[in-house]
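Here is a friendly walk through a structure with several chains. Keep the viewer open as you read, and look up each residue as it comes along.

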Amino acid sequence: MKKLFSVWLIVMLALLTAACGKVAETAETKKPAEAGKTDIDLTVLSSTMVYSEVYNMVSNPENYLGKTVKMSGSVATFDGEGRTYYACIIADATACCSQGIEFLLKDSYRPEDYPGVGETVTVTGVFDRYYEGEEVYYQLIDSVLG
Amino acid sequence: MLEKLGLYFSFPFVRYALIVGVLIALCSSLFGVTLVLKRFSFIGDGLSHVAFGAMAIAAVINLTNEMPLVLAVTVVCAVLLLRTGQNTKIKGDAAVAMISVGALAIGYLLMNLFAKSSNLSGDVCSTLFGSTSILTLTKTEVWLCGALSVVVAIFFLFFYHKIFSVTFDEDFARATGTKAQVYNLLIAVIIAVIIVLAMNLVGSLLISALVIFPALSAMRVFKSFRSVTVCSAIVSVVCALIGILLSILYGTPVGSTIVAVDITAFILFTLCGWLLRRRLA
Amino acid sequence: MSQIICDRVSLGYDGNLILRDLSFRLEAGEYCCIIGENGSGKSTLMRTLLGLKSPSSGTVTFGDGLKPSQIGYLPQQTAVQRDFPASVFEIVLSGCQGRQGLRPFYSKADKALALENIEKMGITPLVKRCYRELSGGQQQRVLLARALCATGKMLLLDEPVSGLDPKVTAEMYELIDTIHKRDGITIVMISHDIEAAVRYADHILHIGGDLFFGTTEEYLAKQAAIGAKPGGTESC
């Protein structure tokens with residue numbers, strides 16, 4: 001079971017973070033994260049709420065694009081073509097309803113600026129959508145840690 | 001805690017979940033007594049697995065709104081199962097077991113092979129155990145669930161006495177001119193609808209609990225059909241409310257939390273019933 | 001015109017006939033006991049008369065203004081009923097259901113009829129009680145009251161005294177006799193109890209082994225003729 005879950009977690013991560021090699025060329029909205037202003041604060045929600053809210057963000061993105069999202073979770077990485085993608089994962093006890101969002105740090109593409117895998121971080125960034133072929137992906141851009 | 005609840009209520013999906021959850025809990029409990037007493041509980045259980053299979057098919061062919069398909073498949077299966085129950089080529093319960101386990105296996109297989117979802121285990125887990133489905137309904141689903149619940153409740157109210165006669169003594173009802181087969185069929189269809197609805201609230205593996213526990217709890221204490229029905233409706237609604245609130249407050253899966261609350265209520269009612277009998281004796 | 005005419009009726013399940021070529025007629029106001037060994041098809045015959053099962057061959061016709069749905073029925077208790085949460089009044093009232101059609105609620109007249117039949121059965125003090133907490137005899141009275149709500153013409157009783165102690169059994173027989181005499185309701189009763197059958201009934205239908213249908217006197221005469229005590233060949 002655990003193995004199955006981890007396989008799917010990886011698939012999920014892969015889909016979430018793969019193919020963003022072209023770094024959000026088609027990003028529709030770009031607003032810098034304003035310090036101190038958070039539209040959606042996932043850190044104060046219970047895991048059930050987080051799951052539901054992230055689900056809603058992904059299924060009804062129109063209401064959320066451009067909003068500043070704050071979340072805390074553990075860092076997971078995925079190695080794509082020539083670069084590493086970072087995601088913040090909020091796990092639940094059974095691991096099946098984990099939710100993660102990929103994030104890009106503000107003005108930085110250097111791996112050494114990113115936290116290590118498994119580290120617990122708080123990320124604040126702007127919710128954004130981009131297309132890769134026919135697939136749609138969501139990420140937090142202009143993110144800051146802490 | 002109140003502060004936190006206040007914050008959570010500012011999310012529209014929490015408000016929808018509470019409204020839809022209460023409606024679903026209400027109508028699933030109404031037919032609980034009939035289901036328990038007509039020994040239909042196993043059909044309910046089988047149908048819930050069928051609904052899961054249908055859900056998998058809907059996911060595979062990428063339907064945006066899967067409820068109509070799931071509803072249609074489940075209703076057809078309900079009618080078929082009721083038929084096989086009467087014609088004994090394959091014994092009723094064996095047929096139910098076959099269909100239900102088959103649907104479960106094929107459903108999961110299909111989802112694994114073909115589903116495009118990025119979070120398959122999440123989907124499966126949510127469909128089977130209702131961890132969060134009620135919180136992630138689309139607007140259309142909210143309206144559909146609401147409307148269906150109201151239809152089920154009205155049907156129950158309108159046919160209350162007929163459901164009573166057919167449940168208490170089908171032979172007598174038939175012999176004295178009540179069209180029992182028609183009502184059996186209607187009851188089966190309604191049960192299918194309830195199962196599809198309840199799947200959103202507690203997931204397909206836990207549906208029977210939602211349907212049966214309130215009825216069993218009420219039967220511990222109350223003695224007339226009417227009081228049992230009213231009581232199980234109240235128990236079911238209250239448990240669903242408490243369950244949803246607890247699960248969003250403490251981050252537990254919605255379905256299993258509601259069922260846990262239902263079990264607690266059942267234990268309390270059993271105790272009450274025991275105490276009442278001792279005082280009378 | 002007879003109320004029930006059975007014409008060369010054969011009964012069975014899955015091609016196995018358990019009863020062949022049964023013909024008899026029942027007139028209004030008669031009291032007929034069906035006797036016979038276990039498995040001889042008594043209950044099946046009753047289910048056929050009620051229209052719950054169709055005969056393998058032959059016909060059952062109703063006459064004298066009797067419609068099939070106007071027959072009151074006292075079935076054997078089922079497991080479902082033993083733990084059914086229902087009050088006495090709810091159950092008796094459900095006897096009126098057959099006439100309701102699509103009307104969702106009972107009328108005042110239905111409720112009055114239910115109370116009247118509860119009164120007749122002498123269970124008025126139990127009206128609010130829970131059915132499953134009653135004694136066997138009381139439960140039978142409740143079901144009898146329900147059957148009376150469904151009919152004013154004919155009652156079919158499937159072993160109404162099974163499982164009752166002798167005193168309650170005697171009361172039950174008296175009660176049925178009262179219904180028969182006072183209300184002029186035709187009674188058809190399945191019984192194991194030959195003594196009671198010949199005492200109360202005016203007609204006897206014996207099925208299984210050799211078929212017999214006739215008045216009680218004829219039955220007794222026939223039994224005497226073949227040298228057997230009434231019921232001597234019967235087993236319970």
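Predicted model: local features only at pLDDT ≥ 70, side-chain atom pairs only at ≥ 80, totals over all residues.

Residues are numbered from 1 along each chain as its sequence is written, while chains are lettered from A and ligands numbered from 1 in the order in which they are written.

**Chain A**

Chain A holds 2 helices and 6 strands. Here helices (H or I, at least four residues) and strands (E, at least two) are DSSP runs, numbered from the N terminus. Read from the N terminus, the order is α-β-α-β-β-β-β-β. Of the 146 residues in chain A, 38% are buried. A residue is buried if 20 or more other C-beta atoms lie within 10 Å of its own, exposed if 12 or fewer, and partly exposed in between, with C-beta atoms placed from the backbone. Two residues are in contact if their C-beta atoms, placed from the backbone, lie within 7 Å. Of the contacts in chain A between residues at least 6 apart in sequence, 69% join residues at least 24 apart.

**The core and helix α11 of chain B**

The largest nonpolar core has 192 residues, and B:I191, B:A198 and B:L210 touch the most other members. Helix α11 of chain B (residues 180-202) supplies the largest share of this core, with 15 residues. A nonpolar core is a set of buried Ala, Val, Leu, Ile, Met, Phe, Trp, Tyr and Cys residues joined through C-beta atoms within 7 Å. Leaving aside neighbours within four places in sequence, B:A198 is in contact with B:I24, B:S28, B:I207, B:L210 and B:V211.

How do the helix lengths compare with what is expected? The expected span of a helix is 1.5 Å times one less than its number of residues.

| Helix | Residues | End-to-end C-alpha distance | Expected span |
|---|---|---|---|
| α11(B) | 23 residues | 31 Å | 33 Å |

In α14(B), the buried residues include B:V254, B:I258, B:V261, B:D262 and B:F269. Just after α11(B), B:G203 takes a positive phi of about 85°.

Next, look at how α11(B) meets α9(B). Their axes come within 10 Å and cross at roughly 105°. That makes α9(B) roughly perpendicular to α11(B), a label for angles of 65 to 115 degrees; angles under 35 degrees count as roughly parallel, over 145 as roughly antiparallel, and the rest as oblique. Axes are lines fitted to C-alpha atoms, for helices over the stretch in contact, and angles run from 0 to 180 degrees between N-to-C directions. On the α9(B) side are B:K162, B:I163 and B:V166, which meet B:A180, B:Y183, B:N184 and B:I187 in α11(B). The residues of this contact divide into 5 nonpolar, 1 polar and 1 charged. Ala, Val, Leu, Ile, Met, Phe, Trp, Tyr, Cys and Pro count as nonpolar, Asp, Glu, Lys and Arg as charged, and the others, Gly among them, as polar.

**Where chain B touches chain C**

This contact takes 24 residues from chain B and 24 residues from chain C. On the chain B side, the elements that give two or more residues are α9 (160-168), α10 (170-175) and α13 (225-250). The residues of that side divide into 12 nonpolar, 6 polar and 6 charged.

**Residues to look up**

B:L128 is found in helix α7 of chain B (residues 120-129) and is buried, with 23 other C-beta atoms within 10 Å. B:L128 and B:F52 are 76 residues apart in sequence, yet 7.3 Å apart in space, C-alpha to C-alpha. Not counting residues up to four places away in sequence, B:L128 touches B:F52, B:G203, B:S204 and B:L205.

In chain C, C:L49 sits in helix α1 (residues 42-49) and counts as buried, with 24 C-beta neighbours inside 10 Å. Beyond residues up to four places away in sequence, C:L49 touches C:I4, C:V60 and C:L156.

Most residues other than glycine have a negative phi. C:R8, which is not a glycine, has a positive phi of about 45°; C:R8 lies in strand β1 (residues 4-13) of chain C and is exposed, with 12 other C-beta atoms within 10 Å. C:E159, also not a glycine, has a positive phi of about 45°. C:E159 lies in the loop between β6 (154-158) and α6 (166-183) of chain C and counts as buried, with 20 C-beta neighbours inside 10 Å.
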